[in-house]
Amino acid sequence: MQSASQRAMNYPFKGPLMKIESVNVTVFHYPTRRVADSAGHSHPGDESLAKMAMLTITADDGSVGHAFAPPEVVRPYVVNSFFRKVMVGQDPFHRERIWQALAQWQRGSAHQLTERALSFVEQALWDLIGNALHTPVWQLLGGYRDKVPAYGSTMCGDELAGGLSTPDEYAQFAEKLVARGYQAIKLHTWMPPVAFAPDPKMDIKACAAVREAVGPDIALMLDGYHWYSRSEALLIGKALEKLDFAWFEEPMQEESMSSYAWLAQNLSIDVIGPESLGGKHHSRADWVKAGACDILRAGANGVGGIAPCLKVANLAEAFGMDCEVHGNGAASLAVVGAIRNCRWYERGLLHPFLDYDQPAAYLNRLIDPMDSQGFVHLPNRPGLGEDINFAYIEANTVSHD
């Protein structure tokens with residue numbers, strides 16, 4: 001029996017290269033020192049067991065693709081009602097056809113099929129295709145570069161002494177990040193439930209302290225409190241202009257596109273977005289048309305997958321804009337490796353009390369190790385490039401669907 005890669009070389013072909021046989025989810029425990037506050041923001045904490053889900057797609061020739069997701073996102077109802085119904089029996093190389101069929105189910109699902117769920121199953125498809133062809137996904141997508149500079153993306157501010165509880169502590173941490181090799185840093189400042197948050201003046205003080213600490217040659221960005229008013233966002237933005245920040249991210253509700261158009265018109269600093277807004281590539285097109293951002297934003301985990309993220313990047317390129325890819329991880333890194341109009345890879349979230357360079361227990365190594373010059377090198381493993389510790393997952397499995 002020919003392998004998928006051998007059959008792929010015989011295009012055109014009659015019939016499918018292969019067929020999807022199964023879509024399964026394995027939920028497992030792993031230790032973590034990251035905890036979420038009442039608003040969902042990550043902070044350091046005592047070690048505890050968290051749950052992760054591994055989504056696995058298997059084809060009839062034995063080719064397999066994996067993606068990791070929160071168990072709630074790929075819960076059994078979603079897998080049974082949508083993933084299996086649409087995908088089983090289909091050729092995984094018809095990835096766009098499968099994605100479009102799933103996307104059409106979103107409305108009929110009463111949005112039980114979320115864009116996050118759509119993102120993770122699409123990533124597993126790409127991983128399967130890359131594994132079948134023995135090729136990294138970032139090369140299949142375009143292979144623009146094999147390394148990219150990373151910016152250190154901090155956790156949100158906290159009230160932990162020696163952590164990120166004061167502007168001076170942000171400055172001290174920024175110095176450590178520069179010593180580690182980062183040539184750019186993005187601050188997430190204080191948000192509720194921190195007692196004094198939100199506070200535009202504290203945000204500005206933290207940004208000023210970091211700029212003074214790292215000097216003029218390190219690129220700095222701010223990801224602000226998501227529900228500031230227009231007046232508060234303008235106040236912070238004007239301060240960032242004086243501090244020579246590279247961009248200003250999500251200071252207001254992104255559902256109000258007109259507020260961002262107003263902000264972009266009133267600031268010389270680049271406004272970037274939308275980050276968390278739904279609507280896949282469609283909503284990003286509206287933002288470009290409305291002049292609501294200077295840099296477009298999309299992440300492979302949030303806009304429906306890797307291909308929709310590429311669509312956003314291509315849209316931005318057509319308008320002479322950069323598209324900065326949101327979030328870390330294998331899928332976002334693959335997109336960054338495939339395109340030209342993205343300057344940075346987002347590496348984080350980072351905190352003085354956590355060691356980002358220590359891989360999670362279910363991985364044998366990081367997907368995004370960074371060298372001393374601040375560059376992350378694209379993986380040379382096939383598929384998305386994750387080096388998965390399958391033995392650990394098997395030994396710590398909670399459920400298998």
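Residues 167–270 have end C-alpha atoms that lie 23 Å apart, and the span is 50% helix and 13% strand. Helices (H or I, at least four residues) and strands (E, at least two) are DSSP runs, numbered from the N terminus. UniProt lists residues 167–270, in an unreviewed entry, as "domain: Mandelate racemase/muconate lactonizing enzyme C-terminal"; its positions are given in the numbering used here, feature names are shortened, and annotations may be inferred rather than shown by experiment.

The model is predicted: local features need pLDDT of at least 70, side-chain atom pairs count only at pLDDT 80 or more, and totals for chains, interfaces and linings use all residues. Residues are numbered from 1 along each chain as its sequence is written, and side-chain values use heavy atoms, with hydrogens and water left out.

The protein chain is divided into domain 1 (20–134) and domain 2 (139–387), with bounds that come from an automatic or database domain assignment. Taken over C-alpha atoms, the centres of domain 1 and domain 2 are separated by 24 Å. Domain 1 gives 34 residues to the contact and domain 2 gives 38 residues, where contact means heavy atoms within 4.5 Å.

Because 5 of its 5 residues are buried, strand 6 is largely enclosed by the rest of the structure. Buried means under 20% relative accessible area, exposed over 50%, and partly exposed in between (1.4 Å probe, protein chains only). A219, M221 and D223 point one way from strand 6, while L220 and L222 point the other way, and all are buried.

Strand 6 pairs in the parallel sense with strand 5 (residues 184–188) over 5 bridges; two strands pair if DSSP finds at least two bridges between them. M221 in strand 6 is the bridge partner of K186. Strand 5, helix 7 (residues 200–214) and strand 6 make a right-handed β-α-β unit. A crossover is right-handed if, with the strands pointing away from the viewer, the path from the first strand over the helix to the second runs clockwise.

Strand 6 also pairs in the parallel sense with strand 7 (residues 247–249), over 3 bridges, and F248 in strand 7 is the bridge partner of L222. From strand 6 the chain crosses through helix 8 (residues 230–242) to strand 7, and this β-α-β crossover is right-handed. Further along, helix 9 (residues 257–266) has S259, Y260, A261, L263 and A264 buried. The cover over these buried residues of helix 9 includes helix 8, strand 7, strand 8 (270–273) and helix 10 (280–290).

An open sheet of 4 strands has antiparallel pairing and the order 3-2-1-13. Its edge strands, strand 3 (64–69) and strand 13 (397–400), each pair on one side only. The twist averages 20° from one strand to the next. Strand 1 (residues 20–36) and strand 2 (residues 42–59) run antiparallel and are joined by 15 bridges; L55 in strand 2 is the bridge partner of V25. Helix 4 (residues 115–132) lies across strand 1, strand 2 and strand 3, and runs at about 150° to strand 3. Axes are lines fitted to C-alpha atoms, for helices over the stretch in contact, and angles run from 0 to 180 degrees between N-to-C directions.

I20 lies in strand 1 and is buried, with a relative accessible area of 2%. Leaving aside neighbours within four places in sequence, the contacts of I20 include I57, M87, I98 and L125.
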